[in-house]
Amino acid sequence: MYAQMVKTDAARVKSLDEMEPQERTFQERVDQGQKIEPKEWMPEGYRKTLIRQISQHAHSEIVGQLPEGNWITRAPTLERKAILLAKVQDEAGHGLYLYCAAETLGVSRDEMYEQLHSGKAKYSSIFNYPTLTWADIGAIGWLVDGAAIMNQVPLQRCSYGPYARAMVRICKEESFHQRQGYDILMKMVKGTPAQKAMVQDALNRWWWPSLMMFGPSDDASVHSAQSMAWKIKQNSNDELRQKFVDQTVPQAEYLGLTVPDPDLKWNEEKGGYDFGEPDWEEFFNVIAGNGPCNAERLDARRKAWDDGAWFRDGLTAHAEKAAGRRAAAKIAAE
Amino acid sequence: MSSEWPLWEVFIRGQHGLNHRHVGSLHAPDAEMAINNARDVYTRRNEGVSIWVVRSADITASAPSEKGPLFDPSNSKVYRHPTFFDIPDEVGHM
């Protein structure tokens, strides 16, 4: 997902009996499926966990523009270019909805930017892989946005109102992203053998990183248990990964592609696929900042922020000057 | 470093003659830019025909802790709802 391995500060999940009255009332409201709104009382751990998760999610949307932005100027047709532009613009919008949701918890936008630019904040590991061919743009829409949808649909029922509402908007738009990706690949597999090979190569490179998006197994994780008790998280990582594989394998078959996993096999008994284990060492390496594109992504974000400073300052100066002029005109008129 | 732009709350009137509805918020240096940004962030798919923006700092909200004193008094006044009154079927639609 877009927020991987979010910590909760919890040592273990408290039972209702162990809670102070205020916290018990809060937990009971969450259990009943009520939404928690910004100004209401909430446990400090809940607030901090949400800030971590929502800001990670927002950073992922923003950094996620970069691998795709790489192909805007090289899209094969004007139509594809317009579609990709609209898709990347949506990602910027998703980042903005999410930053706003995080701000309702008392963190400022500048603080979050600072955490991203300094390398302190995390974003999804998936965006640290390069986009080498046009087929990668198709694969990202199909697999990466597909995995994101898997995770974001249940988040619409998250206990925190502003996050849940942002997710509703995002999910509405996400389906266009996945379809446009699959559409690119449908076209390419009907093309020349070289084009079809390009699609297979893209799947080979994106398959495992896509499975890693859900994060390592968290069945034994206290953070995951706490997040679930707070209804910030609804499904375990393994559950969502299984759903993703079950949904995606037939789509790969339709394209005539081979999923690069020798252990992949239909399991009649469980009604789903058995599949291999992603390389978690690679995952932890990428999360730690050592993936193929981590440095490049952060440099691009910092450059965009720094190079835009004069423009932001200009707009601020204009706003101040205009406000001053309005005030002066008002005094003159009185 | 320059200071953070103020936060604006965005209200959009949808296509069907409904009230403006709160859709979210954004940062902008002034009202004009807030409208421009709201257009790009919240109406990329024809979601609206009109936009209001208002500085978040200018909104006064009721406190969650006052929910009881504010809203409880109307709970007991069930006669404000038409279903409180039984009208015999013979009277017809009313």
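**Close-up views of a predicted two-chain model**

View 1. Because the two residues stand four places apart in helix H12 (residues 294-307) of chain A, about one helical turn separates Lys303(A) from Asp307(A). Asp307(A), with 42% relative accessibility, counts as partly exposed.

**View 2. The contact between chain B and chain A.** The size of an interface is often given as the accessible area lost when the parts come together. Here the area buried between chain B and chain A is about 1,900 Å², and carbon and sulfur atoms give 53% of that area. Chain B brings 21 residues to the contact, while chain A brings 23 residues. Four salt bridges are counted between chain B and chain A, and the structure holds 22 salt bridges over all chains.

**View 3. Two salt bridges with one partner in each chain.** Side chains of opposite charge can pair when their charged atoms come close. Asp90(A) and Arg44(B) meet through their side chains in a salt bridge of 2.7 Å, taken from N to O. Asp90(A) belongs to helix H4 (residues 78-103) of chain A, and Arg44(B) to the loop between helix H1 (31-42) and strand S3 (50-55) of chain B, so this pair joins two chains. Asp90(A) has a relative accessible area of 2% and is therefore buried. A salt bridge is also made by the side chains of Glu173(A) and Arg45(B), with an N to O distance of 3.3 Å.

**View 4. A salt bridge within chain B.** Asp40(B) forms a salt bridge with Arg39(B), in which the closest N and O atoms are 2.8 Å apart. Asp40(B) counts as partly exposed, because its relative accessibility is 31%.

**View 5. Glu174(A), a buried residue without a salt bridge.** Glu174(A) lies in helix H7 (residues 161-189) of chain A. Although Glu174(A) is buried, it has no salt bridge, and the nearest side chain of opposite charge, that of Lys87(A), is 5.7 Å away. When neighbours within four places in sequence are left aside, Glu174(A) is in contact with Glu91(A), His94(A), Asp145(A), Ile149(A) and Gln152(A).

**View 6. Phe127(A) in a loop of chain A.** Phe127(A) is found in the loop between helix H5 (109-117) and helix H6 (134-155) of chain A, and its relative accessibility of 5% is why it counts as buried. Phe127(A) and Tyr2(A) are 125 residues apart in sequence, yet their C-alpha atoms are 9.7 Å apart in space. Not counting residues up to four places away in sequence, Phe127(A) touches Tyr2(A), Ser60(A), Val63(A), Gly64(A), Pro67(A), Val144(A) and Arg297(A).

**View 7. A nonpolar surface patch on chain B.** Val78(B), Tyr79(B), Phe84(B), Phe85(B), Ile87(B), Val91(B) and Met94(B) make a nonpolar surface patch of about 730 Å². One of these residues, Val78(B), has its place in the segment after helix H2 (67-75) of chain B, and Val78(B) counts as partly exposed because its relative accessibility is 44%.

Conventions. Residues are numbered from 1 along each chain as its sequence is written. Chains are lettered from A and ligands numbered from 1 in the order in which they are written. This is a predicted model: local features need pLDDT of at least 70, side-chain atom pairs count only at pLDDT 80 or more; totals for chains, interfaces and linings use all residues. Side-chain values use heavy atoms; hydrogens and water are left out. Buried means under 20% relative accessible area, exposed over 50%, partly exposed in between (1.4 Å probe, protein chains only). Lys and Arg count as positive and Asp and Glu as negative; His and the chain ends are not counted. Contact means heavy atoms within 4.5 Å. Patches are made of residues with over 30% relative accessible area and no salt bridge: like charges are joined within 9 Å, nonpolar side chains (Val, Leu, Ile, Met, Phe, Trp, Tyr) within 5 Å. Accessible areas come from the Shrake-Rupley method with a 1.4 Å probe; for residues, only the protein chains shown count as cover. Buried area is the accessible area (1.4 Å probe) that two parts lose on being put together, summed over both.
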